[in-house]
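Hi,

Here is the structure I promised to pass on.

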Amino acid sequence: MNASCSSPAPRVLRPALRTSVLAAAVALMVLLTSPAPAQLVINEILQNPSAVDDADGEWFELYNPTASPVDVDGWTVRDNDIDSFVIASGGPLLAPAGGYLVLGNNAEEATNGGVTVDYEYSGMALANTSDELVLLDAASSEIDRVEWDDGATFPDPNGESMELGKDPGLDNNVGANWRDGFLLFGDGDRGTPGGPNTCCFSESCMYLEVDVSTRAALRATLHEAIDDHVRFPYASVWDILELADEDPGDSTRILDVYKNASYPKVGGGTGDYDREHSWPKSYGFPLEDGLGELPFSDCHHLFLADKVYNEQGRSNNPYRDCTGPGCEEWPTLFNNGQGGPGQSNWKLGLGPEGTWETWPGRRGDVARAILYMDLRYEGGTHGATAEEEPDLIATDDPGQIAVTGGVAAVAYMGLLSDLLAWHEEDPPDELEIWRNEAVFSYQRNRNPFIDRPDWVRCVFLEDCGVFSDGFESGDVTGWSSAVP
Ligand SMILES: [Ca+2]
Ligand SMILES: [Ca+2]
Ligand SMILES: [Ca+2]
Ligand SMILES: [Ca+2]
């Protein structure tokens with residue numbers, strides 16, 4: 001599976017280079033974008049099914065990006081040599097406005113791998129190496145074409161479809177704009193026949209289907225936008241975290257979350273730092289392997305942390321302001337323009353009754369990580385692994401926070417009010433934006449509260465007034481003030 005949807009890779013997105021690189025990326029996107037939108041787009045192709053024979057399970061999906069339905073009755077599909085068929089549906093066959101049509105070589109769901117086919121064709125085989133799909137309208141005008149190339153630039157999967165990226169206007173002649181299908185369908189192959197594709201290359205694409213009309217709609221659609229991320233086994237997340245937590249001053253080093261110490265990258269658990277679960281794994285998902293691994297290895301809440309600060313300092317104390325006598329100081333170092341005297345972590349007690357007040361420079365980071373976990377995990381199952389997911393809830397009630405002996409269906413962390421205050425006190429900066437991009441490039445999902453800090457007020461405080469950029473009225477200009 002090609003897990004990365006982010007382009008270009010974040011390692012070239014150092015903040016100093018960000019503006020010029022993003023400008024180049026925008027220019028590249030323009031080059032990759034069709035000059036005029038086609039009426040229909042060849043959007044997904046399963047040329048090589050695994051669950052059933054190719055003779056039963058090949059299909060391709062057409063997407064209608066326009067605001068009107070398109071009738072494809074009488075249209076022709078062919079390749080560059082002899083394969084060809086005319087769509088003869090005995091009446092209108094409509095690709096709905098903003099919707100999809102699936103054409104397959106077998107419409108019988110019991111034998112075609114479990115895909116719902118809108119039109120069954122014959123006279124066309126989709127080669128697993130190199131082949132073409134050419135779509136002609138009833139007047140024989142070419143509407144769209146895709147030519148795949150045996151893996152040279154297009155994905156070359158087996159048992160997974162090829163999906164065009166979801167970003168609007170992507171040129172489907174460019175192999176790099178395609179990705180392997182990811183979500184399970186039917187009898188176990190992967191793809192999204194008849195529905196939206198899964199891969200977003202850009203931040204704005206991630207939130208295209210977010211509905212900000214009500215708080216409930218925002219929460220539900222934001223959850224959908226970040227759900228079903230690409231899971232990496234816990235043993236493999238060192239690479240992701242060493243990129244995400246890279247020291248901005250030195251790409252051979254990492255910056256730890258609690259001590260603000262800079263350490264040389266060592267690539268896997270033998271150095272001065274380890275992997276901190278900002279949502280402690282003992283609260284809901286203590287198992288490293290198999291059941292419960294999904295939040296366990298979710299890099300949006302994992303931070304590289306000084307081992308002593310992680311294990312003897314923070315431990316599994318909930319996040320909250322440390323007040324009253326007895327708070328123990330855990331100082332920070334000055335690095336990356338912050339930390340040092342007067343910017344300390346504070347600790348009191350141990351376990352669910354305990355307290356860990358994260359230092360001012362990173363308290364917003366950990367707050368947004370916990371808020372992400374609350375939104376990302378809502379129960380149900382993962383769309384690509386079928387693994388059960390917990391419902392994680394950020395709470396203000398310390399009595400709800402408890403060590404769970406195994407994987408819990410519902411688990412709590414807090415304290416919500418302090419996290420919301422920390423979010424306001426320490427808004428996203430370059431360090432955290434970098435981290436979000438790095439994790440996105442692997443997991444295919446983002447922390448929306450880094451991209452859109454104002455959504456926190458609506459989701460968690462029921463304060464859904466006018467957003468600063470007017471997005472709720474449909475205006476996406478100036479989107480994400482946090483990203484240049
Ligand atoms: Ca085939
Ligand atoms: Ca699809
Ligand atoms: Ca911060
Ligand atoms: Ca939840």
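Below is what turned up when I went through the cysteines.

First, some housekeeping. This is a predicted model, where local features need pLDDT of at least 70, side-chain atom pairs count only at pLDDT 80 or more, and totals for chains, interfaces and linings use all residues. Residues are numbered from 1 along each chain as its sequence is written, chains are lettered from A and ligands numbered from 1 in the order in which they are written, and side-chain values use heavy atoms, with hydrogens and water left out.

Searching the whole structure gives three disulfides (a disulfide being a pair of cysteine sulfur atoms within 2.5 Å).

- Cys 200 pairs with Cys 205, with 2.1 Å between the sulfur atoms. The S-S torsion here is about -65 degrees, so this link is left-handed. Both Cys 200 and Cys 205 are buried (buried is under 20% relative accessible area, exposed over 50%, partly exposed in between, using a 1.4 Å probe and protein chains only).
- Cys 322 is bonded to Cys 327, the sulfurs sitting 2.2 Å apart. This link is left-handed, at -100 degrees about the S-S bond, and Cys 322 and Cys 327 are both buried.
- Cys 458 and Cys 464 make a disulfide with sulfur atoms 2.0 Å apart. Its torsion is about 95 degrees, so it is right-handed. Cys 458 is buried at 2% relative accessible area, whereas Cys 464 is partly exposed at 35%.

One further cysteine to look at is Cys 299, which is buried with a relative accessible area of 1%.

Cheers
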